[in-house]
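Subject: Structure handover, ligand site and cavities

Hi,

Here is the structure for your modelling work. My notes come after it.

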Amino acid sequence: MQYYSTGRKSATVSLKEAVTKGLAADGGLYMPVSLPDLSSSFFERSSGMSLQEIAFEVAHAYLGEDVPANIISDIINSSLNFPIPLNEVEPGIFSLELYHGPTLAFKDVGARFMSRLLAYLHRGENRALNVIVATSGDTGSAVAAGFHNVQGINVFVLFPKGKVSQLQQKQITTWGDNIYSIEVDGSFDDCQKLAKQMLGDAHMNSSLLLTSANSINIARLIPQSFYYYYARALLSDSRLPTVFSVPSGNFGNLTGGLMAKSTGLPVNRFIAATNINDVFREYLSTGVYRSRPSRQTISNAMDVGDPSNFARIMELMGSDISNFRRGLVSYSFTDEETSDSIKKVFTETGYIMDPHGAVAYRGLKQYLSEHKEGVSSVFLETAHPAKFPETMLNIVGAGHELPARLQEVINKQESYHEAGNDPDELKDYIIGVNS
Ligand SMILES: *Cc1c(COP(=O)(O)O)cnc(C)c1O
(Lines give C-alpha, C1' and ligand atoms only; values in the text may rest on other atoms or scores of the structure.)
Protein backbone atom coordinates (compact mmCIF):
# COMPACT_ATOMS: atom_id res chain seq x y z
CA MET A 1 0.00 0.00 0.00
CA GLN A 2 1.23 3.51 -0.81
CA TYR A 3 0.65 6.54 1.41
CA TYR A 4 0.02 10.10 0.22
CA SER A 5 0.52 13.38 2.04
CA THR A 6 -2.51 15.51 2.94
CA GLY A 7 -0.31 18.44 1.86
CA ARG A 8 -0.50 16.97 -1.66
CA LYS A 9 2.91 18.32 -2.63
CA SER A 10 5.10 15.36 -1.59
CA ALA A 11 5.16 12.14 -3.61
CA THR A 12 3.42 8.99 -2.35
CA VAL A 13 5.63 6.73 -0.23
CA SER A 14 5.85 3.15 1.05
CA LEU A 15 4.59 2.02 4.46
CA LYS A 16 8.16 1.99 5.76
CA GLU A 17 8.75 5.57 4.71
CA ALA A 18 5.37 6.81 6.01
CA VAL A 19 5.98 5.24 9.42
CA THR A 20 9.67 6.02 9.78
CA LYS A 21 9.25 9.65 8.61
CA GLY A 22 6.01 10.37 10.48
CA LEU A 23 5.41 13.71 8.77
CA ALA A 24 5.66 14.32 5.01
CA ALA A 25 8.22 16.81 3.69
CA ASP A 26 5.43 19.21 2.69
CA GLY A 27 4.21 19.27 6.31
CA GLY A 28 1.18 17.07 5.52
CA LEU A 29 0.10 13.86 7.22
CA TYR A 30 0.23 10.47 5.53
CA MET A 31 -2.97 8.68 4.55
CA PRO A 32 -3.36 5.34 2.76
CA VAL A 33 -4.07 5.97 -0.96
CA SER A 34 -7.13 3.78 -0.57
CA LEU A 35 -8.92 2.53 2.51
CA PRO A 36 -9.54 -1.21 2.49
CA ASP A 37 -13.07 -2.33 1.78
CA LEU A 38 -13.90 -4.85 4.48
CA SER A 39 -16.54 -7.25 3.26
CA SER A 40 -19.97 -7.41 4.84
CA SER A 41 -19.19 -11.02 5.74
CA PHE A 42 -16.46 -9.68 8.06
CA PHE A 43 -19.02 -7.58 9.92
CA GLU A 44 -21.37 -10.57 10.16
CA ARG A 45 -18.66 -12.92 11.38
CA SER A 46 -17.08 -10.46 13.77
CA SER A 47 -19.71 -10.80 16.50
CA GLY A 48 -18.13 -14.08 17.58
CA MET A 49 -14.52 -12.92 17.25
CA SER A 50 -11.99 -11.87 19.89
CA LEU A 51 -10.38 -8.43 19.96
CA GLN A 52 -7.15 -9.93 18.61
CA GLU A 53 -8.92 -11.75 15.77
CA ILE A 54 -10.76 -8.61 14.70
CA ALA A 55 -7.59 -6.52 14.97
CA PHE A 56 -5.70 -9.04 12.85
CA GLU A 57 -8.24 -8.91 10.01
CA VAL A 58 -8.30 -5.13 9.99
CA ALA A 59 -4.51 -4.80 10.26
CA HIS A 60 -4.03 -7.36 7.52
CA ALA A 61 -6.35 -5.42 5.20
CA TYR A 62 -4.11 -2.35 5.64
CA LEU A 63 -0.66 -3.90 5.96
CA GLY A 64 -0.92 -7.29 4.24
CA GLU A 65 1.06 -6.24 1.15
CA ASP A 66 3.96 -4.94 3.25
CA VAL A 67 4.20 -7.09 6.38
CA PRO A 68 4.02 -10.91 6.54
CA ALA A 69 0.88 -12.28 8.22
CA ASN A 70 2.82 -14.00 11.01
CA ILE A 71 4.54 -10.70 11.91
CA ILE A 72 1.19 -8.86 11.93
CA SER A 73 -0.13 -11.54 14.19
CA ASP A 74 2.86 -11.25 16.57
CA ILE A 75 2.50 -7.46 16.67
CA ILE A 76 -1.21 -7.72 17.52
CA ASN A 77 -0.80 -10.40 20.15
CA SER A 78 2.05 -8.68 21.96
CA SER A 79 0.60 -5.16 21.78
CA LEU A 80 -3.07 -5.89 22.50
CA ASN A 81 -2.37 -8.09 25.50
CA PHE A 82 -5.00 -6.45 27.70
CA PRO A 83 -8.81 -6.48 27.60
CA ILE A 84 -11.09 -3.73 26.22
CA PRO A 85 -14.37 -4.33 28.07
CA LEU A 86 -17.70 -2.82 27.09
CA ASN A 87 -19.54 -1.91 30.26
CA GLU A 88 -23.24 -0.98 30.42
CA VAL A 89 -23.25 2.02 32.73
CA GLU A 90 -26.92 2.91 32.38
CA PRO A 91 -29.56 1.09 30.34
CA GLY A 92 -28.45 1.44 26.73
CA ILE A 93 -25.34 3.52 27.51
CA PHE A 94 -22.07 1.64 27.12
CA SER A 95 -18.58 2.60 28.22
CA LEU A 96 -15.81 1.17 26.05
CA GLU A 97 -12.93 0.96 28.52
CA LEU A 98 -9.74 1.55 26.58
CA TYR A 99 -7.57 2.07 29.66
CA HIS A 100 -6.56 -1.41 30.79
CA GLY A 101 -3.09 -1.28 29.20
CA PRO A 102 0.20 -0.77 31.07
CA THR A 103 -0.02 3.04 31.40
CA LEU A 104 -3.79 3.07 31.96
CA ALA A 105 -4.77 5.25 29.00
CA PHE A 106 -6.05 4.49 25.51
CA LYS A 107 -2.74 5.68 24.06
CA ASP A 108 -1.35 2.24 24.95
CA VAL A 109 -3.28 0.74 22.02
CA GLY A 110 -1.67 2.88 19.35
CA ALA A 111 1.73 3.30 20.97
CA ARG A 112 2.34 -0.39 21.60
CA PHE A 113 1.26 -1.37 18.08
CA MET A 114 3.37 1.40 16.58
CA SER A 115 6.52 0.54 18.55
CA ARG A 116 6.43 -3.05 17.35
CA LEU A 117 5.64 -2.17 13.75
CA LEU A 118 8.41 0.42 13.74
CA ALA A 119 10.94 -2.02 15.21
CA TYR A 120 10.03 -4.46 12.42
CA LEU A 121 10.31 -1.84 9.65
CA HIS A 122 13.60 -0.50 11.06
CA ARG A 123 15.21 -3.96 11.35
CA GLY A 124 18.63 -4.32 9.79
CA GLU A 125 19.38 -0.55 9.79
CA ASN A 126 22.67 0.47 11.39
CA ARG A 127 21.71 3.99 12.54
CA ALA A 128 19.49 4.69 15.55
CA LEU A 129 15.97 5.89 14.86
CA ASN A 130 14.95 8.90 16.98
CA VAL A 131 11.30 8.99 17.94
CA ILE A 132 10.11 12.47 18.91
CA VAL A 133 6.83 12.73 20.78
CA ALA A 134 4.95 15.65 22.30
CA THR A 135 2.62 14.79 25.16
CA SER A 136 -0.27 16.51 26.90
CA GLY A 137 -0.09 13.82 29.57
CA ASP A 138 -0.78 10.28 28.42
CA THR A 139 0.98 9.80 25.08
CA GLY A 140 4.46 10.23 26.53
CA SER A 141 4.20 7.41 29.03
CA ALA A 142 2.43 5.06 26.62
CA VAL A 143 5.11 5.64 23.98
CA ALA A 144 7.90 5.33 26.56
CA ALA A 145 6.41 2.06 27.84
CA GLY A 146 6.03 0.75 24.29
CA PHE A 147 9.60 1.58 23.25
CA HIS A 148 11.56 1.10 26.48
CA ASN A 149 14.70 -0.94 25.72
CA VAL A 150 13.78 -1.47 22.05
CA GLN A 151 17.17 -1.84 20.32
CA GLY A 152 18.19 0.86 17.86
CA ILE A 153 15.50 3.36 18.89
CA ASN A 154 15.80 6.51 21.04
CA VAL A 155 12.65 8.20 22.34
CA PHE A 156 12.41 11.92 23.18
CA VAL A 157 9.29 12.84 25.14
CA LEU A 158 8.41 16.56 25.22
CA PHE A 159 6.03 17.45 28.06
CA PRO A 160 4.68 20.88 29.11
CA LYS A 161 6.07 22.20 32.40
CA GLY A 162 3.52 22.10 35.23
CA LYS A 163 0.66 21.03 32.96
CA VAL A 164 0.65 17.28 33.45
CA SER A 165 -0.50 15.61 36.67
CA GLN A 166 2.15 14.50 39.18
CA LEU A 167 1.43 10.88 38.37
CA GLN A 168 1.63 11.48 34.63
CA GLN A 169 4.98 13.21 35.12
CA LYS A 170 6.28 10.23 37.10
CA GLN A 171 5.09 7.91 34.32
CA ILE A 172 7.00 9.98 31.75
CA THR A 173 10.27 10.71 33.55
CA THR A 174 11.24 7.54 35.39
CA TRP A 175 12.27 5.18 32.55
CA GLY A 176 15.92 5.97 31.81
CA ASP A 177 17.85 3.89 29.21
CA ASN A 178 16.73 4.84 25.67
CA ILE A 179 13.91 7.12 26.92
CA TYR A 180 14.81 10.84 27.20
CA SER A 181 12.20 13.10 28.78
CA ILE A 182 12.27 16.82 28.15
CA GLU A 183 10.41 19.53 30.05
CA VAL A 184 9.26 22.37 27.79
CA ASP A 185 8.47 25.76 29.28
CA GLY A 186 5.13 26.17 27.51
CA SER A 187 1.86 24.47 26.61
CA PHE A 188 1.19 21.19 24.81
CA ASP A 189 0.86 23.19 21.59
CA ASP A 190 4.41 24.49 22.14
CA CYS A 191 5.62 20.90 22.63
CA GLN A 192 3.88 19.84 19.44
CA LYS A 193 5.32 22.78 17.54
CA LEU A 194 8.85 21.99 18.73
CA ALA A 195 8.39 18.33 17.77
CA LYS A 196 7.30 19.35 14.28
CA GLN A 197 10.25 21.74 14.00
CA MET A 198 12.65 18.91 14.85
CA LEU A 199 11.03 16.56 12.35
CA GLY A 200 11.03 19.18 9.61
CA ASP A 201 14.55 20.51 10.23
CA ALA A 202 16.82 20.02 7.22
CA HIS A 203 20.06 19.94 9.22
CA MET A 204 18.72 17.38 11.71
CA ASN A 205 17.36 15.20 8.90
CA SER A 206 20.68 15.25 7.08
CA SER A 207 22.46 13.66 10.02
CA LEU A 208 19.79 11.75 11.98
CA LEU A 209 16.86 9.42 11.40
CA LEU A 210 13.80 11.04 12.98
CA THR A 211 10.14 10.11 13.29
CA SER A 212 7.06 11.02 15.30
CA ALA A 213 5.05 8.84 17.67
CA ASN A 214 2.21 11.33 17.91
CA SER A 215 -1.05 10.59 16.19
CA ILE A 216 0.39 12.37 13.17
CA ASN A 217 2.00 8.94 12.58
CA ILE A 218 -0.28 6.66 10.58
CA ALA A 219 1.02 3.66 12.56
CA ARG A 220 -0.92 4.92 15.57
CA LEU A 221 -4.15 5.50 13.70
CA ILE A 222 -4.63 2.07 12.14
CA PRO A 223 -4.74 0.36 15.58
CA GLN A 224 -6.99 3.13 16.88
CA SER A 225 -9.68 1.87 14.54
CA PHE A 226 -9.63 -1.76 15.85
CA TYR A 227 -11.75 -1.17 18.92
CA TYR A 228 -14.58 0.49 17.00
CA TYR A 229 -15.09 -2.78 15.10
CA TYR A 230 -14.75 -4.71 18.33
CA ALA A 231 -17.32 -2.58 20.20
CA ARG A 232 -19.73 -2.97 17.33
CA ALA A 233 -19.16 -6.74 17.39
CA LEU A 234 -19.90 -6.89 21.11
CA LEU A 235 -23.12 -4.93 20.57
CA SER A 236 -24.18 -6.63 17.40
CA ASP A 237 -27.27 -8.42 18.67
CA SER A 238 -28.99 -5.04 19.01
CA ARG A 239 -29.01 -4.54 15.19
CA LEU A 240 -29.29 -0.80 15.72
CA PRO A 241 -26.88 1.64 14.12
CA THR A 242 -24.19 2.76 16.56
CA VAL A 243 -23.32 6.22 17.84
CA PHE A 244 -19.81 6.66 19.26
CA SER A 245 -18.94 9.58 21.51
CA VAL A 246 -15.20 10.25 21.47
CA PRO A 247 -13.39 12.52 23.96
CA SER A 248 -11.18 14.50 21.60
CA GLY A 249 -8.01 16.57 21.72
CA ASN A 250 -5.76 15.95 18.74
CA PHE A 251 -8.56 13.94 17.09
CA GLY A 252 -6.45 10.82 16.47
CA ASN A 253 -8.96 8.61 18.27
CA LEU A 254 -11.87 10.02 16.29
CA THR A 255 -9.93 9.71 13.02
CA GLY A 256 -9.47 5.98 13.75
CA GLY A 257 -13.26 5.72 14.07
CA LEU A 258 -13.90 7.64 10.85
CA MET A 259 -11.45 5.36 9.04
CA ALA A 260 -13.37 2.35 10.35
CA LYS A 261 -16.61 3.86 9.07
CA SER A 262 -15.01 4.45 5.66
CA THR A 263 -14.18 0.74 5.42
CA GLY A 264 -17.85 -0.11 5.89
CA LEU A 265 -18.43 -0.22 9.67
CA PRO A 266 -22.09 0.76 10.22
CA VAL A 267 -21.88 3.88 12.37
CA ASN A 268 -24.70 6.37 12.45
CA ARG A 269 -22.87 9.33 13.94
CA PHE A 270 -19.68 10.23 15.73
CA ILE A 271 -19.83 12.73 18.55
CA ALA A 272 -16.67 14.81 18.92
CA ALA A 273 -16.83 15.65 22.62
CA THR A 274 -14.36 18.28 23.80
CA ASN A 275 -13.62 20.45 26.79
CA ILE A 276 -13.58 24.24 26.31
CA ASN A 277 -10.87 23.83 23.68
CA ASP A 278 -13.56 23.72 21.03
CA VAL A 279 -12.13 24.70 17.63
CA PHE A 280 -13.78 21.64 16.09
CA ARG A 281 -17.27 22.47 17.39
CA GLU A 282 -16.79 25.99 16.10
CA TYR A 283 -15.75 24.65 12.70
CA LEU A 284 -18.90 22.52 12.45
CA SER A 285 -21.10 25.47 13.31
CA THR A 286 -19.38 28.23 11.27
CA GLY A 287 -17.48 26.33 8.55
CA VAL A 288 -14.36 28.30 9.54
CA TYR A 289 -11.37 26.58 11.16
CA ARG A 290 -9.68 28.92 13.59
CA SER A 291 -6.90 27.48 15.76
CA ARG A 292 -6.10 29.20 19.03
CA PRO A 293 -3.92 28.71 22.09
CA SER A 294 -5.10 25.85 24.28
CA ARG A 295 -6.58 26.47 27.70
CA GLN A 296 -5.94 24.24 30.70
CA THR A 297 -8.74 21.98 31.98
CA ILE A 298 -9.21 18.90 34.20
CA SER A 299 -9.31 16.75 31.03
CA ASN A 300 -5.77 17.86 30.29
CA ALA A 301 -4.98 15.29 27.59
CA MET A 302 -7.58 17.11 25.48
CA ASP A 303 -6.17 20.62 25.93
CA VAL A 304 -5.37 21.12 22.27
CA GLY A 305 -5.96 24.34 20.36
CA ASP A 306 -4.91 23.19 16.90
CA PRO A 307 -5.74 19.49 16.48
CA SER A 308 -3.26 17.92 14.08
CA ASN A 309 -5.59 15.27 12.69
CA PHE A 310 -7.96 17.89 11.34
CA ALA A 311 -6.12 17.55 8.01
CA ARG A 312 -6.94 13.84 7.89
CA ILE A 313 -10.58 14.37 8.79
CA MET A 314 -10.78 16.91 5.95
CA GLU A 315 -9.59 14.19 3.56
CA LEU A 316 -12.06 11.64 4.89
CA MET A 317 -14.89 14.16 4.53
CA GLY A 318 -13.86 15.22 1.03
CA SER A 319 -13.26 18.76 2.40
CA ASP A 320 -17.04 19.23 2.32
CA ILE A 321 -18.68 20.85 5.34
CA SER A 322 -22.01 19.16 4.60
CA ASN A 323 -20.30 15.74 4.87
CA PHE A 324 -18.87 16.84 8.22
CA ARG A 325 -22.32 17.80 9.44
CA ARG A 326 -23.91 14.55 8.25
CA GLY A 327 -21.36 12.33 9.95
CA LEU A 328 -20.40 14.29 13.04
CA VAL A 329 -21.72 16.45 15.82
CA SER A 330 -19.61 18.21 18.40
CA TYR A 331 -20.28 19.46 21.91
CA SER A 332 -17.96 21.13 24.37
CA PHE A 333 -18.21 21.22 28.15
CA THR A 334 -16.74 23.19 31.02
CA ASP A 335 -14.85 21.57 33.89
CA GLU A 336 -17.87 22.17 36.10
CA GLU A 337 -20.17 20.28 33.71
CA THR A 338 -17.63 17.46 33.50
CA SER A 339 -17.35 17.21 37.29
CA ASP A 340 -21.14 17.24 37.65
CA SER A 341 -21.43 14.28 35.29
CA ILE A 342 -18.77 12.32 37.16
CA LYS A 343 -20.52 12.96 40.45
CA LYS A 344 -24.02 12.20 39.14
CA VAL A 345 -23.05 8.90 37.50
CA PHE A 346 -21.04 7.86 40.56
CA THR A 347 -23.93 8.66 42.92
CA GLU A 348 -26.56 6.97 40.79
CA THR A 349 -24.67 3.90 39.57
CA GLY A 350 -21.37 3.61 41.45
CA TYR A 351 -19.46 3.79 38.14
CA ILE A 352 -16.41 6.07 38.23
CA MET A 353 -15.57 7.96 35.04
CA ASP A 354 -12.33 9.87 34.58
CA PRO A 355 -12.56 13.50 33.39
CA HIS A 356 -11.93 12.57 29.72
CA GLY A 357 -14.48 9.77 29.54
CA ALA A 358 -16.94 12.01 31.39
CA VAL A 359 -16.76 14.62 28.63
CA ALA A 360 -17.67 11.88 26.14
CA TYR A 361 -20.46 10.59 28.38
CA ARG A 362 -21.94 14.05 28.65
CA GLY A 363 -21.69 14.51 24.87
CA LEU A 364 -23.57 11.26 24.38
CA LYS A 365 -26.33 12.30 26.81
CA GLN A 366 -26.72 15.62 25.06
CA TYR A 367 -26.90 13.94 21.67
CA LEU A 368 -29.54 11.46 22.86
CA SER A 369 -31.65 14.28 24.30
CA GLU A 370 -31.64 15.99 20.90
CA HIS A 371 -31.98 12.91 18.64
CA LYS A 372 -34.71 10.40 19.32
CA GLU A 373 -33.95 7.73 16.68
CA GLY A 374 -33.05 4.28 18.03
CA VAL A 375 -29.29 3.77 18.28
CA SER A 376 -26.89 1.79 20.39
CA SER A 377 -24.75 4.26 22.25
CA VAL A 378 -21.10 3.94 23.19
CA PHE A 379 -18.79 6.45 24.83
CA LEU A 380 -15.06 5.89 24.88
CA GLU A 381 -13.45 5.83 28.34
CA THR A 382 -9.85 6.78 27.60
CA ALA A 383 -8.09 6.85 30.99
CA HIS A 384 -8.28 5.12 34.34
CA PRO A 385 -9.71 7.57 36.91
CA ALA A 386 -6.81 6.79 39.26
CA LYS A 387 -4.49 8.68 36.88
CA PHE A 388 -6.04 11.92 38.18
CA PRO A 389 -6.02 11.50 41.96
CA GLU A 390 -6.21 15.22 42.84
CA THR A 391 -9.22 15.85 40.61
CA MET A 392 -11.04 12.62 41.47
CA LEU A 393 -10.56 13.16 45.21
CA ASN A 394 -12.38 16.49 44.89
CA ILE A 395 -15.28 14.95 43.02
CA VAL A 396 -15.89 11.44 44.36
CA GLY A 397 -13.92 11.50 47.60
CA ALA A 398 -11.25 9.20 49.01
CA GLY A 399 -11.00 5.45 49.33
CA HIS A 400 -10.47 4.43 45.71
CA GLU A 401 -7.44 2.22 45.29
CA LEU A 402 -4.47 3.16 43.17
CA PRO A 403 -3.70 0.29 40.77
CA ALA A 404 -0.39 -1.44 41.49
CA ARG A 405 1.16 -0.19 38.25
CA LEU A 406 0.73 3.40 39.44
CA GLN A 407 1.80 2.64 42.99
CA GLU A 408 5.16 1.36 41.74
CA VAL A 409 5.95 4.42 39.66
CA ILE A 410 5.42 6.83 42.58
CA ASN A 411 8.56 5.62 44.32
CA LYS A 412 10.82 5.94 41.29
CA GLN A 413 13.34 8.72 40.70
CA GLU A 414 12.50 11.34 38.04
CA SER A 415 15.05 12.58 35.56
CA TYR A 416 14.48 14.98 32.67
CA HIS A 417 16.16 17.66 30.59
CA GLU A 418 14.91 21.25 30.92
CA ALA A 419 14.77 22.65 27.41
CA GLY A 420 13.00 25.99 27.90
CA ASN A 421 11.11 26.68 24.69
CA ASP A 422 14.00 27.00 22.26
CA PRO A 423 14.30 24.83 19.13
CA ASP A 424 18.07 25.36 18.83
CA GLU A 425 18.78 24.18 22.35
CA LEU A 426 16.59 21.13 21.78
CA LYS A 427 18.38 20.30 18.53
CA ASP A 428 21.73 20.40 20.32
CA TYR A 429 20.43 18.09 23.00
CA ILE A 430 19.11 15.51 20.53
CA ILE A 431 22.28 15.66 18.45
CA GLY A 432 24.31 15.28 21.66
CA VAL A 433 22.47 12.10 22.62
CA ASN A 434 23.21 10.68 19.17
CA SER A 435 26.92 11.47 19.15
C1 LIG B 1 -4.95 11.70 24.23
C2 LIG B 1 -6.17 11.54 25.04
C3 LIG B 1 -7.41 11.96 24.58
C4 LIG B 1 -7.58 12.66 23.26
O5 LIG B 1 -7.35 11.79 22.17
P6 LIG B 1 -7.02 12.41 20.74
O7 LIG B 1 -6.74 11.26 19.88
O8 LIG B 1 -5.83 13.31 20.91
O9 LIG B 1 -8.23 13.18 20.31
C10 LIG B 1 -8.52 11.71 25.37
N11 LIG B 1 -8.40 11.13 26.56
C12 LIG B 1 -7.23 10.73 27.04
C13 LIG B 1 -7.19 10.11 28.40
C14 LIG B 1 -6.07 10.91 26.31
O15 LIG B 1 -4.90 10.50 26.80
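Below are notes on the ligand site and the cavities.

The model is predicted: local features need pLDDT of at least 70, side-chain atom pairs count only at pLDDT 80 or more, and totals for chains, interfaces and linings use all residues. Residues are numbered from 1 along each chain as its sequence is written, and side-chain values use heavy atoms, without hydrogens or water.

Ligand site
- A polar side-chain atom of Asp138 is 2.6 Å from a ligand oxygen.
- A polar backbone atom of Asn253 lies 2.8 Å from a ligand oxygen.
- A polar side-chain atom of Thr382 is 2.8 Å from a ligand nitrogen.

Cavities
- The ligand sits in the largest cavity (more than half of its atoms within 2 Å of the grid points). A cavity is a set of points on a 1 Å grid, over the protein atoms alone, where a 1.4 Å probe fits but cannot get out; lining residues have an atom within 4 Å of a point.
- Helix 12 (252-262) and strand 9 (242-247) each supply at least two lining residues there (DSSP runs: helices H or I, at least four residues; strands E, at least two). Helix 12 gives the most, with 3.
- The lining of the second largest cavity includes Ile276, Asp278 and Arg295.

Regards

Note on methods. A polar contact is a pair of N or O atoms within 3.5 Å; within protein, one must be able to donate a hydrogen and the other to accept it, and residues adjacent in sequence count only if both atoms are side-chain atoms. On a 1 Å grid over the protein atoms alone, a cavity is a set of points where a 1.4 Å probe fits but cannot get out, and a pocket is an open set with protein on both sides within 12 Å along at least five of seven lines; lining residues have an atom within 4 Å of a point.
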